[in-house]
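Subject: Structure for your files

Hello,

Here is the structure I said I would pass on. My notes on it follow below.

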Amino acid sequence: MRDFIGHLMGHLMGHVARHLARMPVAAVAVALFANAALHAQCPTEGDCRKVHASPGCVMPECCSLVCEANPLCCETTWDDTCVQSALDICDGINCPATGECTATHATPGCSDFTCCDLVSNFDGWCSYAAWDEICAREAAEVCGVGRCAIDATGAVDENEPCYKRLNDGCGLGLDHDRIALACGVTFKGRITNGGSRDLDWFALDGVGRRRFRVTVEAEFPLELQYFRGGCEGASDTKWLVAPNLCTGPIAINFIADGGTSSFIIGSGYDDGPLRYGIDCDDIDPDNPPNPDDPPPVQLFGVHWRARVDCLAIGDLDGNGSVGPQDLAMLLNLWGPIPTGVAFDPRAIDADLDGNGTVGAPDIATLLSSW
Ligand SMILES: [Ca+2]
Ligand SMILES: [Ca+2]
Ligand SMILES: [Ca+2]
Ligand SMILES: [Ca+2]
């Protein structure tokens with residue numbers, strides 16, 4: 001149902017509607033609480049939606065909202081009036097709630113406040129509609145993972161302030177708006193999704209098929225794409241990889257097609273892009289923040305690091321030379337490339353000429369780069 005609604009809304013009203021459909025609770029909660037400390041007595045024990053003898057209740061924001069309106073709820077007892085206020089005011093604030101965070105359940109929210117709050121902050125659906133399989137997967141990917149910090153000393157900066165979009169490829173037009181590729185160079189940059197979603201595009205354009213290895217690490221949920229073609233006409237996203245958060249560098253050894261193609265760093269999961277939760281505190285000199293604006297939302301770090309290596313096309317194992325192991329790998333993969341299975345860029349690609357089959361011409365190509 002969620003997929004259907006998301007899909008339908010995406011088609012009907014485009015990006016904005018889809019964004020809103022997934023974001024209502026987080027946006028409301030952050031707007032409400034960013035500038036306000038929690039009420040001194042909140043949170044305490046007891047379900048906000050049920051009468052209990054002790055003052056206060058377990059959901060921090062809801063407890064605060066109710067006690068601001070009716071201080072007795074935090075001073076004497078959580079009675080019928082407090083429950084009624086909670087039901088009226090706290091609609092959609094469901095952290096914590098019944099149910100394991102890593103297990104699917106039909107009700108919104110889950111039992112671990114920190115995890116429930118984190119996931120709901122970037123996927124409002126989870127504390128608004130139901131804790132579905134996507135919420136459970138997101139919880140498994142991000143909850144309990146400490147903040148990771150990457151070391152990008154000496155790397156070449158993408159030079160894109162958080163408030164500008166300078167290398168966003170088809171978002172701007174490909175001609176000048178991608179990071180120029182340089183073999184053997186480590187780049188660093190930041191991804192932010194406050195305002196429009198940041199994507200950092202690398203230009204891989206060239207004559208003929210070429211092999212690259214990209215080694216990437218990030219402080220945020222990382223999404224990698226290979227985009228084939230220009231912005232008009234028949235272009236497509238050939239693959240998408242979303243490794244778990246903070247699991248260290250991942251290396252992808254792949255063959256790029258001849259002509260125009262791009263490698264894209266963004267933020268997201270297997271289930272979709274991350275559109276919320278990595279703001280950045282760069283100040284835009286032309287548009288400084290209003291003191292009444294909520295502060296940046298920083299659920300994750302913003303930094304990424306990516307090294308691009310240009311390999312010989314016959315270097316299947318990516319060890320820097322073409323030799324017997326590469327030939328052995330090619331022979332192992334002899335025959336037609338299976339169709340109808342999702343392309344995995346981490347799989348070894350031995351179809352050096354890209355004709356859909358690993359065969360004699362590919363051996364010739366491999367030997368020519370021996
Ligand atoms: Ca960037
Ligand atoms: Ca960018
Ligand atoms: Ca090799
Ligand atoms: Ca071939």
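How many residues lie between strand 9 and strand 10 in the hairpin that they form? There are two residues between these strands. Before the rest, please note that this is a predicted model.

Overall content

The protein chain has nine helices and 13 strands. It has 370 residues, and buried residues make up 37% of them. Among contacts between residues at least 6 apart in sequence, 60% join residues at least 24 apart.

Strand 9 covers residues 261–269, and nine of its nine residues are buried. Ser 261, Phe 263, Ile 265, Ser 267 and Tyr 269 point one way from the strand, while Ser 262, Ile 264, Gly 266 and Gly 268 point the other way; residues of both sets are buried.

Strand 9 pairs with these strands:

- Strand 4 (residues 200–203) runs antiparallel to strand 9 and is joined to it by four bridges. Trp 201 has Ile 264 as its bridge partner.
- Strand 6 (residues 222–228) is also antiparallel to strand 9, with seven bridges between them. Arg 228 is the bridge partner of Ser 261.

Another set of strands forms an open sheet of five, in the order 1-3-11-5-8, with mixed pairing. Strand 1 (156–157) and strand 8 (250–256) are at the edges; each has a single partner strand, so one side of each has no neighbour in the sheet. Within this sheet, strand 5 (residues 210–218) and strand 11 (residues 303–311) run antiparallel and are joined by eight bridges. Arg 213 stands opposite Asp 309 of strand 11.

Helix 6

Helix 6 spans residues 113–122, and eight of its ten residues are buried, so the rest of the structure largely encloses it. The buried residues are Cys 115, Cys 116, Asp 117, Leu 118, Val 119, Ser 120, Asn 121 and Phe 122. Asp 117 counts as buried with 23 C-beta neighbours inside 10 Å. Its C-alpha atom is separated by 9.9 Å from that of Cys 143, which is 26 residues away along the chain.

Nonpolar cores

The largest nonpolar core has 68 residues, and those touching the most other members are Cys 62, Cys 63, Val 66, Val 119, Ala 139 and Val 216. Domain 1 (2–142) and domain 2 (156–311) both contribute residues to this core, so it lies between them. A second, separate core has eight residues, including Ile 313, Leu 316, Val 322 and Ala 350.

One member of the 68-residue core, Cys 63, is in contact with His 39, Cys 42, Pro 43, Thr 44, Cys 48, Gly 56 and Cys 57, leaving aside its neighbours within four places in sequence.

Helices 8 and 9

The axes of helix 8 (residues 324–332) and helix 9 (residues 360–368) come within 11 Å and cross at roughly 170 degrees. The two helices are therefore roughly antiparallel to each other. Asp 326, Leu 327 and Leu 330 of helix 8 meet Asp 362, Ile 363 and Leu 366 of helix 9.

Backbone points to check by eye

Where are the cis peptide bonds listed here? One runs from Cys 42 to Pro 43, with omega near -10 degrees; Pro 43 is in the loop between helix 2 (24–33) and helix 3 (60–69). Another runs from Cys 95 to Pro 96, also with omega near -10 degrees, and Pro 96 is in the loop between helix 5 (80–89) and helix 6.

Two residues other than glycine have a positive phi. Asn 159 has a phi of about 55 degrees and lies in the loop between strand 1 and strand 2 (179–180). For Cys 246, phi is near 55 degrees, and the residue lies in the loop between strand 7 (236–241) and strand 8. Which of them is buried and which exposed? Asn 159 is exposed, with 10 other C-beta atoms within 10 Å, whereas Cys 246 is buried, with 21 C-beta neighbours inside 10 Å.

Regards

Definitions and conventions
Residues are numbered from 1 along each chain as its sequence is written. Chains are lettered from A and ligands numbered from 1 in the order in which they are written. This is a predicted model: local features need pLDDT of at least 70, side-chain atom pairs count only at pLDDT 80 or more; totals for chains, interfaces and linings use all residues. Two strands pair if DSSP finds at least two bridges between them. A residue is buried if 20 or more other C-beta atoms lie within 10 Å of its own, exposed if 12 or fewer, and partly exposed in between; C-beta atoms are placed from the backbone. A nonpolar core is a set of buried Ala, Val, Leu, Ile, Met, Phe, Trp, Tyr and Cys residues joined through C-beta atoms within 7 Å. Domain bounds come from an automatic or database domain assignment. Two residues are in contact if their C-beta atoms, placed from the backbone, lie within 7 Å. Axes are lines fitted to C-alpha atoms, for helices over the stretch in contact, and angles run from 0 to 180 degrees between N-to-C directions. Angles under 35 degrees count as roughly parallel, over 145 as roughly antiparallel, 65 to 115 as roughly perpendicular and the rest as oblique.
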